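Please open the model in your viewer and keep the selection tool at hand. The stops below each say what to select and what is to be found there.

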Amino acid sequence: MSKRQLAMVIDLNKCIGCQACTVACKTQWTNRNGREYMYWNNVETYPGDGYPKKWMELGGGFDAAGDLKEGIIPAIETDYGVPWDYNYDSLAEANLLGPDETGYGKQGAEEPGLHPDREPTWGPNWDEDEGAGAFPADNYFFYLPRICNHCTNPSCLSACPRDAIFKRDEDGVVLVDLDRCQGYRYCIAGCPYKKIYFNPKLSKSEKCILCFPRIEQGLPPACAQQCAGRTRFVGFLDDEEGQVHQLVEKYKVALPLRSDYGTVPNVYYVPPIEGPVKYDANGKIITESQRIPAEELEMLFGKEVHVAINTLRAEKEKRKRTGESALMDLLIAYQHADMFRLDNAYYQRVAKEKGLPPIPLLDDRYLKGRSSETAPIEVPERGEHES
Amino acid sequence: MANERRRDFLKFSGVTAAVVASQGTLFAKRDVMQIESDTRAYPNANYTETLYRNEFGLTRGTVEDTGYAYHCSHCQGNCAWEAWSHDGMVTRENQSARYPSVDAKIPDPNPRGCNKGAQYSQMMHEKERLLYPMQRAGKRGEGKWKRISWEKAATEVAQKFFDVMTDPQRGPGRLMVRSGTGTTGSRGAASSRLSALLGSNTIYPSSSSGDIFSGAVVAYGDGKVGCTYDFLYQANTVIFWGANPSVSHMPDAHYIWEGKYNGAKVIVITPEFNASAKSADLWIPIKPGTDAILAASVIYEILAEKLYKPEFMKRFTDLPFLVIKETKKLLRRSDLEGMPEDEDQEHFSEQFYALNRRTGRLILMPGTEGSEQKSLRLDELGIDPELEGEWPITLHDKREVVVMTVFEMLKRNIKAYAPEETQKLTGVHPDTVRRLVKDIALPKVVSITAGSALSKYFNGLMSIWNIASICGLTGRLGPYGGLNTENEFHFSGLDVLSGFSGKYKPRVSSGFVGEFVFGDGMKTFDNYFTDEDTKRAQNGMGKREYMEIIEAMLEQGKKGQANAESAEGSVAKPWWQPDVCLAVSDSELSSKGSGYREAFFQKITYFACIDDRLSDTAAYADLLLPLASDYEVWGLGAPSGVHRFVGLTKPISNLKPVGETKDEWRIMALIAKKLEEIARKPENRDKAKVKDEKRFAEPGFHDLTQVYQEFSNMDKASEAAQEPYLGRGKLAAEAALEHCKQYQPWTIEKMEQAGGFLQLNETAGKSSPLYAGRPYNTFENMLYKSERFETLSGRQTFYVDHDLYIKLGAQTNRGMERIGLRDPRHYPFVLVTPYARWSVHSDYKTSKTLLRLQRAVPSMQINKLIAEKMKIEDGSRVRVFNALGEFFVMAKVSSSCPPDTLVMEEGWEPYMFWYNRGPGEVIPSSLNLLEMADGWGHLRFGPLWDGNRYVYDNAVAIEKA
């Protein structure tokens with residue numbers, strides 16, 4: 001076990017599917033150097049095939065005996081989707097005119113002036129908003145954002161024949177050692193979430209690093225800080241004051257995805273309870289009905305999901321009745337900055353112990369994540385907006 | 001080389017798609033734990049960690065070099081972003097996330113921002129950027145261009161301007177300078193300023209994009225009503241009618257879902273199941289275009305169950321006003337006392353009666369447009385108006401008539417819309433209607449957001465007017481909620497940028513009428529719509545009569561003639577046919593079909609486009625001028641009403657210029673300079689004073705030899721008046737900060753310190769105070785201070801006795817059907833194009849970062865069962881067609897799509913489709929008479945009282961391509 005564990009809670013009830021997280025991650029890490037096809041953070045519409053395609057059917061993880069299960073390495077073209085490019089540089093020169101050459105006919109040139117460089121067949125958000133069920137009686141969908149789970153028992157790590165995957169001692173972030181990785185890709189087969197990717201340029205595996213360089217310097221991960229829906233909490237699991245600890249340990253309303261894979265993930269989800277009621281065959285409302293089937297949620301989040309949903313509903317009802325609910329207060333998250341409880345002082349100490357140069361503090365707004373053993377540091381409050 | 005290698009890998013990976021790590025267990029390293037232990041940390045961590053730390057350092061760059069930006073392409077977002085940079089190049093953007101909280105019990109606004117803003121850095125250097133001025137060197141759309149210098153390009157534009165302005169046959173009215181959805185705020189003001197200075201023709205972009213809330217103007221005298229989104233957090237019921245805020249209002253949508261945790265009930269009424277519906281308590285899948293009818297049924301139920309609030313209605317609405325039963329005209333003071341000779345002073349025709357219960361006599365109601373009493377207070381005047389009943393009276397001309405209240409008229413109009421009667425049309429079960437009515441009428445705070453989707457049907461005015469009336473009957477104003485369209489704050493002093501203190505004014509064309517005329521809309525209407533369609537949508541008025549009325553109205557509006565001759569302000573929708581057109585970040589042609597383009601280019605001789613990229617519109621231009629964009633300029637955002645902040649753009653330090661791009665102010669100043677140079681040539685001097693009507697040019701002329709001086713405020717008069725110098729983006733931002741009252745006391749330095757934004761002060765509230773510590777909602781001043789509404793009656797309007805309204809039976813609320821062809825056998829689908837998640841209109845549509853998160857090419861949702869029946873496979877190509885035309889699109893088979901509807905995001909550039917033709921090919925054109933009506937009370941042409949393009953009101957068929 002690492003000394004401390006960073007974790008993330010994602011509230012699926014607040015996720016609007018805007019993909020600001022995906023894009024933020026893309027510009028922070030994966031728009032270059034052989035990572036172009038990778039989405040360290042993706043948001044898939046559930047139900048759907050997801051990203052990579054049908055990842056839940058591709059194996060990996062551990063069986064009940066603790067042995068690694070077989071896994072399949074997804075193919076770029078058909079499972080991830082090739083990051084198609086466009087003819088931007090020739091767009092201005094594209095002849096848009098059709099047979100009549102006036103530009104006014106019913107049809108212009110057959111080829112679109114701006115077109116992708118290949119026939120697109122799959123991509124990271126291919127089944128966006130499609131959902132399942134019969135329209136309008138019981139169709140449904142919700143958004144499922146996914147990053148590396150930075151598992152406590154990472155099966156990628158276990159699968160690596162080179163011992164080239166490690167879990168950081170100070171915060172449990174799982175990293176591929178880019179020095180030692182030989183690109184065998186057992187980790188990809190071994191990860192049941194398919195959140196490790198092969199970098200064809202480097203011939204090494206790469207994955208979400210939980211933005212540890214940002215975290216060390218006091219800035220939350222890009223996907224979390226930049227989330228317009230305010231769905232993500234980041235902090236140390238041992239920070240008892242923190243939302244992450246409280247949602248996971250105290251209220252038990254945040255649950256890991258597919259814990260049956262046996263890797264003990266450290267990304268937790270508040271399950272979706274906020275779907276509209278269903279309609280019967282005559283178009284009448286079925287009162288108290290739920291569009292999202294309970295068995296689907298159980299498959300994703302385990303049996304605990306029923307308790308979590310009951311707790312969430314009860315607290316929501318209490319809030320409606322009395323105006324009070326500490327749990328609802330947590331989920332509402334009044335101050336965006338409070339959703340992130342980082343600890344630059346702790347990383348300073350770690351660096352010092354390792355004899356490494358000090359880690360600069362980039363941002364002083366997100367530093368509440370001290371554990372009892374970390375000495376508090378002086379953090380100057382940012383001044384009020386004087387006007 | 002790198003690409004080569006990647007391709008090799010791809011091949012390899014494709015072949016080995018099913019590599020099975022069957023020996024996985026052999027390599028299982030459960031004993032690897034030893035290197036995780038406290039004592040023996042992974043020995044080689046530093047190598048990888050240093051790599052990633054350095055990489056992050058490069059993207060973050062030097063903190064001091066950080067720029068600020070909003071991405072405000074006609075987006076209400078106006079979000080504050082940091083632009084990170086390294087060595088003069090923007091690396092990425094990150095929300096500033098430093099907005100202050102309004103109230104500790106309400107979530108703060110942070111971080112704001114969205115997927116589109118989060119990737120602008122990636123588009124900034126994309127190869128589609130226009131880098132140099134380019135002149136057309138082939139046919140329009142042929143893709144042949146010649147690079148020219150700015151000097152030459154600006155001179156060409158200026159010469160065209162000079163020629164059209166000084167030609168006695170053409171003049172300023174034939175010049176059009178239009179600013180589209182891609183440029184707003186202090187930047188967009190540059191083209192407005194040039195347009196005003198030259199008296200040129202311009203239009204309101206929100207009308208041509210179908211975003212005018214005309215029904216709200218009818219009701220409240222203002223289409224931009226409602227709240228800042230934090231208000232929704234505290235409401236009891238929040239309804240989104242024809243709206244999908246999780247897609248259209250990403251930065252602020254969190255207030256809705258946090259509001260649900262806080263106890264709110266959320267209801268979404270849209271045909272399709274979307275990102276907001278999925279999280280609602282109740283989603284009502286209404287049939288497309290029947291919103292006016294469902295709303296009429298809601299009114300029916302409110303009346304039937306007596307869930308209305310009589311005391312509120314008496315005071316804040318015109319429901320107690322009296323109407324002459326036979327003529328359906330409001331009873332005016334002039335009816336009882338005759339028209340006074342000095343009506344200009346007396347305003348008898350703008351004073352109205354109610355029947356006072358306390359006295360049993362007629363009483364002139366205070367607060368009306370013509371009344372001397374400006375307050376809505378009734379008690380102190382001893383007035384308790386009757387809401388129900390009819391009475392005989394004798395008019396001034398001795399006629400015996402029966403009068404009845406507006407409320408009685410409303411009841412009569414609504415009688416036909418019992419939920420049982422409308423179910424077949426709307427698809428909504430009567431039980432659902434009743435449940436909706438209870439959720440609207442009973443709770444304390446109820447907010448109903450009417451989305452722009454409603455305005456995209458022919459009957460959109462009535463839909464929104466009906467929803468407003470629902471709010472009026474149930475007593476919803478100010479803190480109790482009510483109609484939410486898109487709130488707009490009030491600003492004074494911004495005229496310093498775009499105006500000349502009234503000295504010069506642009507010719508403002510009606511957006512929807514202008515486009516109808518430019519695109520030969522009448523021809524299309526005549527070819528496409530049948531007498532039956534016209535009658536169905538207009539309560540029996542046939543096609544011939546409709547067309548005659550429209551033609552007469554268009555004639556009246558031509559060159560704004562009728563308005564010029566009118567003594568009482570606007571009476572018709574004005575339009576001018578341009579001959580020379582300069583468009584700034586405008587997707588004028590992108591949303592239309594090829595028929596429109598043909599008509600447009602047959603009527604104009606010169607079309608120049610200023611844009612940062614090659615839009616489909618620009619592809620057909622004569623001249624392209626490259627525009628600097630978000631991270632390259634100084635600017636202040638367009639003030640939005642959904643929150644109280646205004647964004648700043650400030651370029652990063654040492655910015656490496658992108659080609660030869662210039663900002664809007666420098667371009668307009670350069671054109672003005674060249675125009676002045678041309679005018680000062682000896683051979684031009686005698687025609688350089690261009691005569692114009694006084695309403696557009698106070699001096700009676702535009703002096704083109706002074707045009708640059710005046711544009712930049714360097715002329716003598718402006719120097720004397722100490723007007724701020726203009727002509728560069730930063731000057732404009734500084735001038736706005738200095739002169740706009742609502743921006744005080746902010747400066748650029750303060751905005752930077754705060755994190756790239758300013759907070760509006762309390763004076764920004766239009767009809768409520770903008771309290772520093774409270775969310776905003778309109779009309780508190782009416783509710784608490786009895787201030788009058790800016791309407792004819794001074795109240796919320798339920799009755800419009802404009803002749804056309806009476807003729808259409810629409811003098812008060814009722815159901816109205818859409819006009820789209822009803823031919824389910826041949827054209828069974830309605831194509832709806834809601835606001836896009838992936839673009840703001842056509843802005844950002846071509847981003848590969850965003851396209852990779854879609855289907856790469858335009859795609860359209862088709863209901864799963866329909867697709868199965870038609871054997872249309874997901875991802876296959878589909879032909880969408882009707883009598884007007886066709887386009888091809890990728891099928892996206894979906895359970896969220898209604899069986900009778902096709903759902904496709906709006907804003908695609910036609911050049912992204914096969915055959916370079918988009919959905920504009922199948923969209924018919926029409927004008928609604930209720931929106932065309934003008935010259936009545938508060939219904940007078942202006943930025944609010946314009947009309948819409950009804951792009952959803954179509955009928956199409958599909959087939960496998």
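Begin by selecting strand β2 (residues 81-86) of chain B together with β3(B), which pair in the antiparallel sense over six bridges; strands here are DSSP runs labelled E of at least two residues, helices are runs labelled H or I of at least four, and both are numbered from the N terminus. Two strands are said to pair if DSSP finds at least two bridges between them. Within this pair, B:Ala83 stands opposite B:Glu93 in β3(B).

Before moving on, note that this is a predicted model, in which local features need pLDDT of at least 70 and side-chain atom pairs count only at pLDDT 80 or more, while totals for chains, interfaces and linings use all residues. Residues are numbered from 1 along each chain as its sequence is written, and chains are lettered from A and ligands numbered from 1 in the order in which they are written.

Now widen the selection to the open sheet of three strands in chain B, whose order is β1-β2-β3 and whose pairing is antiparallel. At its edges stand β1 (67-69) and β3 (89-95) of chain B, each with a single partner strand, so one side of each is left without a neighbour in the sheet. Direction ignored, neighbouring strands of this sheet are turned by 35° against each other on average, with axes taken as lines fitted to C-alpha atoms (for helices over the stretch in contact) and angles running from 0 to 180 degrees between N-to-C directions.

Next, select strand β8 (residues 237-241) of chain B, where five of the five residues are buried, so that the strand is largely enclosed by the rest of the structure. Buried means that 20 or more other C-beta atoms, placed from the backbone, lie within 10 Å of the residue's own, whereas 12 or fewer make a residue exposed and counts in between make it partly exposed. In a regular strand the side chains alternate between the two faces of the sheet. On one side of β8(B) are B:Thr237, B:Ile239 and B:Trp241, on the other B:Val238 and B:Phe240, and all are buried.

Strand β16 (residues 446-450) of chain B pairs with β8(B) in the parallel sense over five bridges, and B:Ser447 in β16(B) is the bridge partner of B:Val238. Five bridges also join β8(B) to strand β9 (residues 265-269) of chain B, again running parallel, with B:Trp241 opposite B:Ile269 in β9(B). From β16(B), four parallel bridges lead on to β17(B), where B:Gly482 is the bridge partner of B:Ser447.

With these strands selected, the open sheet of five can be followed in the order β10-β9-β8-β16-β17 (chain B), with parallel pairing. Its edges are β10 (282-284) and β17 (481-484) of chain B, and each has a single partner strand, so one side of each is left without a neighbour in the sheet. From one strand to the next, the twist averages 10°.

Is B:Met250 buried or exposed? B:Met250 counts as buried because it has 27 C-beta neighbours inside 10 Å. Not counting residues up to four places away in sequence, B:Met250 touches A:Ile16, A:Cys18, A:Ala228 and B:Cys114, where contact requires C-beta atoms, placed from the backbone, to lie within 7 Å.

Those contacts lead to the interface between the chains. Select the 128 residues from chain B and the 122 residues from chain A that make up the contact. Helix α3 (residues 45-60) of chain B gives eight residues, the largest share of the side of chain B that touches chain A.

Strand β1 (residues 6-11) of chain A is joined to β8(A) by five bridges and runs antiparallel to it, with A:Leu6 opposite A:Phe236. Strand β13 (residues 340-341) of chain A pairs with β8(A) in the parallel sense over two bridges, and there A:Val234 stands opposite A:Phe340.

Finally, colour chain A by pLDDT, the predictor's confidence in each residue, from 0 to 100. The average for chain A is 94, and 95% of the residues score at least 70. Over residues 376-387 of chain A the pLDDT is below 50, and this stretch has 13 contacts in the model beyond near neighbours in sequence. Where pLDDT is low, the predicted coordinates should not be read in detail.

Terms used: Contact = placed C-beta atoms within 7 Å.
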